[in-house]
Amino acid sequence: MKHIILRNNVVRRTRRIMGTEVNSMEVYIDSKELLKPSSPTPPHLSTFKFSLLEQISEINYIQVIFFYNLSDGHQISQHLKQSLSKTLIHFPPLAGRLKDNASVNCNDEGILYVEARADGAMTDFLEDIDVEKLERFLPIKKAPKGRLTEIVQAAIQVTLFQQGGIAIGGCFGHKVFDAISVGCFMWKWTGIFNPKGHAEVEIPFDFTTASSIFPPLDKFSFLPEYFEPDVKDGTCIVKRFVFNPSAIKTLIAKAASELVPRPTRVQVISAFVWKHALRAFGKVNSILDDGERKVSHLAHPINVRKPSLSPLSLNNIGSLILPSIATCDWDQREDDIGGYVGRVYQAIAKVDKEYVNKFRKEEEAIGAIAEITQKLTSEDRVVYICSSCTKLGADVLDFGWGNPAWVSAWAESPTRAENHHIVLMDSGGDTIEAALVLDKSEMSSLLSDQEFLEFAIPATGIFA
């Protein structure tokens, strides 16, 4: 499926529907309910025991929205709901509730299920995407808040567009799911909905092995009864940038070095964005000589389900990631792209089997967690987080209507967004899309950086 990126400086059309601009499209909620698994969870799966890696995962939601071309979604809405209920059988923690920071009570209370409608055409919305309004297609708009034992671990919203198209938005608790687990869930759901489109291979998902390999620690088992997210209304802005195959190829060639002769696309793009975002930060912030903000970090979540890192495999469900943390001293910030890629490469290489094994031993684990916390939360650090959702198959998840026209892994309102966040997604073919969250003044500086714009195309929408 060919995608044509609409550039700010090339095409920007504003369509009107019944006298109103496309971006004024409203989404109306028709129904909300708790959707339970179609059959009870067996007793031996009634408790999902956390591994240490889940214990140190944040209380938040992974968000994703799939947009599909579909002429009449009303005919399939009930089948979507029924197949989702059947899918929940295979993922007991999602329909359960947190018991503490050591386990989930898989009590089949259900996930939040929302049916909604949009008063316009999906193609019009995708032609000129308003990132700030993407959260309208999510069932939960804010970070989790309330009694932790009552907060849902998953929510799905199905939105039918009046003039064609369907959006399926999901929120998945990061305590129980990482991006790999979300991919497994969506793959299973599409297979149950459209069994003819999937190979008849039954994958036995594993919910128990991780906690035996990375035993939980009593030190981290406590959760407050009531959770209030530490989210402040800020001055962030979200922009989407597209790196086409030609730009990626050129950047890889520029970044290649003796240390990293064949850098990956994610290494190169994340390093490139880090370099230029840090330059923008420096231009709009006063850097003092007393040591304040003299170091920057770029963190990548690393999937530990690899033979080279642990005995876990891709069918192990949970939040099974550890961060790699690259470091750039302030006086090195104008290094070339090869220097930044080298830092990213070395940081990822440090998350090896020896390092991962530290999280299997209590004393070493506590020390490693303290080091991570210090690096990522100290006030004197400029920290960027890069979440890569590439090569997870999100762009080819087919319910029977073809591949998604577009997938968004970012939908949080910029006023509540976590600053300095980079989200990478496949965008058709070998193209990669980057959603970038920066302070407004930093984003303004970045958008005047011609070296950055030579490779990163500001995107307003797509055509499918």
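Two strands count as paired if DSSP finds at least two bridges between them, where strands (E, at least two residues) and helices (H or I, at least four) are DSSP runs numbered from the N terminus. The model is predicted, so local features need pLDDT of at least 70 and side-chain atom pairs count only at pLDDT 80 or more, while totals for chains, interfaces and linings use all residues. Residues are numbered from 1 along each chain as its sequence is written, and side-chain values use heavy atoms, with hydrogens and water left out.

**Exercise 1. Describe how strand S15 is paired and how far it is enclosed.**

Step 1: Begin with S16, which runs antiparallel to S15 and is joined to it by nine bridges; in this pairing Ile302 stands opposite Leu322 of S16.

Step 2: Turn to S17, which runs parallel to S15 and is joined to it by five bridges; here Leu298 stands opposite Tyr384 of S17.

Step 3: Consider burial, which means under 20% relative accessible area, with exposed meaning over 50% and partly exposed lying in between (1.4 Å probe, protein chains only). Because eight of the nine residues of S15 are buried, the strand is largely enclosed by the rest of the structure.

**Exercise 2. Check the length of helix H10 and locate its buried residues.**

Step 1: The expected span of a helix is 1.5 Å times one less than its number of residues. For the 16 residues of H10 (residues 362-377) this gives 22 Å, in agreement with end C-alpha atoms that are 22 Å apart.

Step 2: The buried residues of H10 are Ala365, Ala368, Ile369 and Ile372. Seen down the helix axis they fall within an arc of 100 degrees, and therefore line one face of H10, the arc being that of the directions from the axis to the C-beta atoms.

Step 3: An α-helix has 3.6 residues a turn, so residues three or four places apart point the same way.

Step 4: With contact taken as heavy atoms within 4.5 Å, the buried residues of H10 pack against helix H1 (52-55), strand S16 (321-329) and helix H9 (353-357).
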